[in-house]
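Biologist: Could you put the model up on the screen, please, so that we can go through it together?
Modeller: Of course, here it comes.
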Amino acid sequence: MLDYIVIGAGVVGGLVARELTRYTDKVCIVEKEADVAMGATSANSAIVHAGFDAKEGSLKARLNVRGSEMMEELATELGVKYKRNGSLVVGFSDEDKKTLEDLLERGNKNGVKGLKLLDGGEVRALEPNIGEGVSCALYAPTGAIVCPYELCIAAVGSAMDNGARLEHGFEVKKIEKIDTGYRVFAKDGRMLEAAYVINCAGAYSDEVAEMAGKGGFSVHPRRGEYMLLDRECGSLVRSTVFRCPSKMGKGVLVTPTVDGNLLLGPTAEDISDKDDTSTTVEGLARVRALASEQVSGIGFGKVITSFTGLRSVGSTGDFIISCEDGFVSCAGIESPGLSASPAIAKYVVELLVASGARLDEREDFIPTRRAMHFFSELSVEEKNALIKEQPEYAHMICRCEGISEGEILNAIRTEPRPRTLDGVKRRTRASMGRCQGGFCTPYIVELLAAELGVDYTEVTKSGGGSYINVGRTKEA
Amino acid sequence: MAYLSDEKISFGIVIVGGGPAGMAAAVAAYDAGERDILILERDNALGGILRQCIHNGFGLHRFGEELTGPEYAYKYERMVEERGIAYMLDTMVIGIDKERNLTAVNRDRGIFTIKCGAIILAMGCRERPRGALNIAGTRPAGIYTAGTAQKYVNMKGYMPGREVVILGSGDIGLIMARRMTLEGASVKAVCELMPYSGGLARNIEQCLNDFDIPLYLSTTVVEIHGKERVEAVTVAEVDERRRPKLETARTIPCDTLLLSCGLIPENELTKDAGIPLDAITNGAVVNGDRETDVEGIFACGNVLHVHDLVDYVSEEAVIAGTSAVRYIRGESGRDADIALKTDGRVRYTVPQRITSLKDTVVYFRVADVYKDAYLVVKRGEEVLYKRKKQKLAPGEMETVKLTEEMLKGDGGELRLSIEMA
Ligand SMILES: Cc1cc2nc3c(=O)[nH]c(=O)nc-3n(C[C@H](O)[C@H](O)[C@H](O)COP(=O)(O)OP(=O)(O)OC[C@H]3O[C@@H](n4cnc5c(N)ncnc54)[C@H](O)[C@@H]3O)c2cc1C
Ligand SMILES: Cc1cc2nc3c(=O)[nH]c(=O)nc-3n(C[C@H](O)[C@H](O)[C@H](O)COP(=O)(O)OP(=O)(O)OC[C@H]3O[C@@H](n4cnc5c(N)ncnc54)[C@H](O)[C@@H]3O)c2cc1C
């Protein structure tokens, strides 16, 4: 019997599971999709917010500030790309300036360090490409960027290195209370038992809580659309540029990513379908219009992809984190959920301890994990030494991002193992560059098929029926 | 196969890319008397993109016979072999600098550096992906560039789909419309944003019309549907400013969307080396020798500008190859500096500059379809050349020969324009 079942392998579930493996290896993560990090964690702004945005005293505010303070060290331990690039909230009017003053005050109350109001000239000195109309800004030096799916994959991987198990394709459909804890059933009939269940099911966390009789709240999806630009554009701004919230709405952000691309978005639109991650003509047009006001000289001809993320907006307006009868829910984890995630994991453990769970620290817990991108950080001599042993590291597969066969094989062989093209992509960046896989996907499909021991036609983009090829040609 | 001794870390001429451009440049350099030549190719064979083009239609100009892509490539491979020109396969060039130091990587040597007398860039081009087109909707499996689909079908023997809509009427898209049809797939439509096709007229005839595949001009894909695999696309006509007219939107069920929306020269290395590029061709700015703005670094083939016929690629490569030989011998001989300008109807020229007074063939493309128009070359107001053209189209590359006579004279600028009758 397990001690803990964690439902949902997003960044929250991943970090919760890893935190629990500090105490026990009897942890199982269950995830309905074919891979981890396929929900909100794979499509968001990737900002580690400084923490001036959330209302004083809320869980969001507390966990955001704490999480943001923990993030750098955690990212280093897990080998995840992180960069403290600073955030700017830009204003266009005197009214905006007032709002920024309020934000500054709120930030100070929340305990955010180093906040400063800047005038137009100071903003331009910091960011020469800032939009013409910008007249003031709030500067937060502790604002940072991180790679969210990399963080999630590394968290799950670290949990697994410490003994946790991962079940994918495990869509929780029913939860039963038993004397010793809970029975958790998957749609396909699989069943697991554990003393505790931690519900981190993102958009579906309300339904999962309901299954255990612990509902009473709801979560609804809010769509956010993005455009991602070529690395050529990544240095247009150094910091993350937000727009001051006003009657006109929240605006979008313009930010470099840790991999050096430029990210624009998100829009905000309440929808009803929890799986509808499509982009819309109107949404993309809106991103474009708003981003152009905040920053000048954005090369829209250099867009390499666009995508949508769904925020899980909780019915209370705050994060909904509760622990009752050994059932913990982490629900309504919308932004700043990524920033808060390390603190959410700690908080969950605190709730468990408060509820009487016995958690003794293990002596053999391994906190660190080798970075997926370790190869790119080696010196030429080190690379050559590795190539000598494993020549696959000299065989370039993804030419846009410069990713070798060795790196792809390493990713396929490292827990949590990817089984899909998107899984390989999220781990290695192969096919994430400017040609978006036009050249390398046929090779990656081949490597995946060989490693998984399946036929070429069995390989999918993202699981389920997302087959890349549908059969053989006539003469083949 | 030619070998390369281990100690050797400098070469006279190093060619990046072993496609038709790279091979023809190497052969031309050899025939001009140079022996110290090395071709670096990242794939496991020479031939470049031609290896996957198993259709006919190569070499009519150059060899006077119709060859398939691999046949055309093979002719050049033979020439490379016969001359004993050295090449390294599975070797990716990862950096070059202005001093002509080149860094490459392969299994046997790891990461290594070569000092080059001259470098010829011949890296070819890649296709424009979906993201660049920014189509709304879902992101399921089943969306490929036509060239990727071509690789699955021709090289790997797999079918990427059964019910196909093709966006863009570039040549690869047209060729794949026929190929997929022959393989038993149903190609439901080819949609082209522009009011004309970007492909060769003969491909429209032989790949679409012969198979009753409809070509919808001034039409684009506005939305992609399907969660796991493509289930349908919504297409709509566009107005004169290429904005979709949503009242014309209709949905076509399909499991595959192929994109054939243009090619982009593969100039990462060029950019990293600080070599100036032309904003229209996306290739380096070059002079008549196909020398870039960085001395001793030349470019030819699709990396310089996108060609529709491989024959022109070979032609251009000969210029680059022989010029590189003259360069390392110190015989480049520059006696002019003339900028070639265009009028907007002529979109671009290659070369963009002329630095020696000799007859020079200039390649160019036009921005729209023009009928019975005049191609005019002027110096200031003086007309140096005027010729009536029955039809000019963006899909077909044109040439004009500027004679030594025309190049002589004052003023560092000539202008190519299209004048309507
Ligand atoms: C547009 C947008 C922008 C954002 N920007 C930021 C930002 O800049 N900074 C920031 O800090 N935060 C940001 N966020 C918030 C952040 O992305 C989320 O808070 C975080 O990713 C939530 O992680 P999660 O693990 O709770 O959810 P998810 O990543 O959605 O994970 C939930 C997982 O549960 C699985 N699951 C669901 N139901 C079941 C079931 N029945 N059985 C098994 N598994 C199930 C899902 O498949 C999924 O993998 C943003 C979010 C969005 C959408
Ligand atoms: C699908 C298709 C159909 C066509 N149909 C016809 C036709 O019917 N008739 C016709 O005449 N022409 C046709 N063409 C055009 C013609 O084939 C091309 O113009 C020609 O192949 C371009 O030659 P190239 O050498 O410039 O580029 P490529 O053939 O692309 O060769 C470039 C080579 O450089 C290598 N390379 C790139 N970067 C590096 C690096 N960093 N290190 C090492 N090596 C590198 C690549 O692997 C490749 O082998 C077609 C083209 C395509 C794509």
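Biologist: How many salt bridges are there between chain A and chain B?
Modeller: There are 4 salt bridges between chain A and chain B, a salt bridge being a side-chain nitrogen of Lys or Arg within 4 Å of a carboxyl oxygen of Asp or Glu. One pairs A:E446 with B:K156, whose closest N and O atoms are 2.4 Å apart. This is a predicted model, where local features need pLDDT of at least 70 and side-chain atom pairs count only at pLDDT 80 or more, while totals for chains, interfaces and linings use all residues. Residues are numbered from 1 along each chain as its sequence is written, chains are lettered from A and ligands numbered from 1 in the order in which they are written, and side-chain values use heavy atoms, with hydrogens and water left out.
Biologist: And how many residues does each chain bring to the contact?
Modeller: Chain A brings 55 residues and chain B brings 47, with contact meaning heavy atoms within 4.5 Å.
Biologist: Switching to ligand 1, which residues come nearest?
Modeller: Of the 38 residues around ligand 1, the nearest are A:E31, A:T41, A:I47, A:I333 and A:S339, where a residue counts as near if one of its heavy atoms lies within 4 Å.
Biologist: What does the backbone of A:I47 do there?
Modeller: A backbone N or O atom of A:I47 lies 2.7 Å from a nitrogen atom of ligand 1, and a polar backbone atom of A:I333 is 2.6 Å from an oxygen atom of ligand 1.

Note on methods. A polar contact is a pair of N or O atoms within 3.5 Å; within protein, one must be able to donate a hydrogen and the other to accept it, and residues adjacent in sequence count only if both atoms are side-chain atoms.
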